[in-house]
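Hi everyone, thanks for coming. Please take a look at the sequence and the structure, and then I'll walk you through a few spots.

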Amino acid sequence: MSENPILMRYHGVRDSIAKAASASGRQAASVALVAVSKTFPAEDIALVLAAGQRVFGENRVQEAKAKWPGLRDQYPGIELHLIGPLQSNKAGEAVALFDCIETVDRPKIAEALAVEITKQGKHPILFVQVNTGAEPQKAGVLPEETDAFVAKCRALGLHISGLMCIPPADEEPALHFALLEKIARRNGLALLSMGMSADYEAAVKFGATHVRVGSGIFGHRPQPM
Ligand SMILES: *Cc1c(COP(=O)(O)O)cnc(C)c1O
């Protein structure tokens with residue numbers, strides 16, 4: 001009997017990460033696979049949970065709120081990442097729901113998160129999102145403003161662990177991965193969330209500690225988001 005297609009792709013992605021890591025002299029365990037489950041139903045997610053996957057990414061607070069509390073009750077040790085834009089009025093819900101927020105990208109969000117973290121006594125892992133391609137439609141801090149923004153977050157008492165980027169669709173991603181790595185290094189940030197279904201192997205080569213793979217595991221998403 002052939003394996004379920006989601007599980008086949010999942011194991012394929014795991015193997016490719018291990019190969020890319022080994023080709024760069026890195027341990028496979030130094031790269032966390034964030035399985036991006038946005039738009040996919042709980043039954044698809046349960047398949048990869050049963051296969052041992054524990055780190056997941058969602059891009060909307062409301063959707064995560066509907067899907068994840070039930071799954072958390074069934075599977076211990078889940079680490080849920082927010083990878084979509086955050087509105088300051090949702091900061092409280094985001095801190096309550098997510099173990100990692102990858103999209104800290106403006107002072108208003110940093111301030112709202114600082115308030116909620118203190119209030120809830122919960123400390124999600126935080127990444128600053130960098131708009132490495134300076135695309136007007138895309139979220140993220142501009143590369144030249146990132147040092148000052150990280151300093152501002154630190155002054156607010158936030159512990160920033162790393163940087164995240166989504167390179168422009170039509171450019172060589174390696175340039176963006178290299179830029180993100182450079183900005184992280186000069187700011188003393190250890191974690192790098194970069195690389196998606198199309199380019200995660202290249203990202204591993206450039207030092208990604210987190211790759212965010214959605215369609216490469218779960219399949220085609222009907223709504224682009
Ligand atoms: C949807 C999404 C992904 C996953 O994209 P795929 O191409 O399906 O792997 C990664 N990162 C972010 C921020 C996303 O919104």
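Helices (H or I, at least four residues) and strands (E, at least two) are DSSP runs, numbered from the N terminus. This is a predicted model, where local features need pLDDT of at least 70, side-chain atom pairs count only at pLDDT 80 or more, and totals for chains, interfaces and linings use all residues. Residues are numbered from 1 along each chain as its sequence is written, and side-chain values use heavy atoms, leaving out hydrogens and water.

Now, helix 6, residues 146-155. Which of its residues are buried? They are Thr-146, Phe-149, Val-150 and Cys-153.

What does the buried side pack against? Its partners are strand 4 (100-104), helix 5 (107-120), strand 5 (125-130), strand 6 (160-165) and helix 7 (173-186). From strand 4's side, Val-104 is in contact (heavy atoms within 4.5 Å) with residues including Phe-149 and Cys-153.

Finally, please find Asn-131, in the loop between strand 5 and helix 6. Asn-131 is buried, at 4% relative accessible area. A polar atom of its side chain lies 2.8 Å from the backbone oxygen of Glu-135.

Notes
Buried means under 20% relative accessible area, exposed over 50%, partly exposed in between (1.4 Å probe, protein chains only). A polar contact is a pair of N or O atoms within 3.5 Å; within protein, one must be able to donate a hydrogen and the other to accept it, and residues adjacent in sequence count only if both atoms are side-chain atoms. Lists of a residue's contacts leave out its neighbours within four places in sequence.
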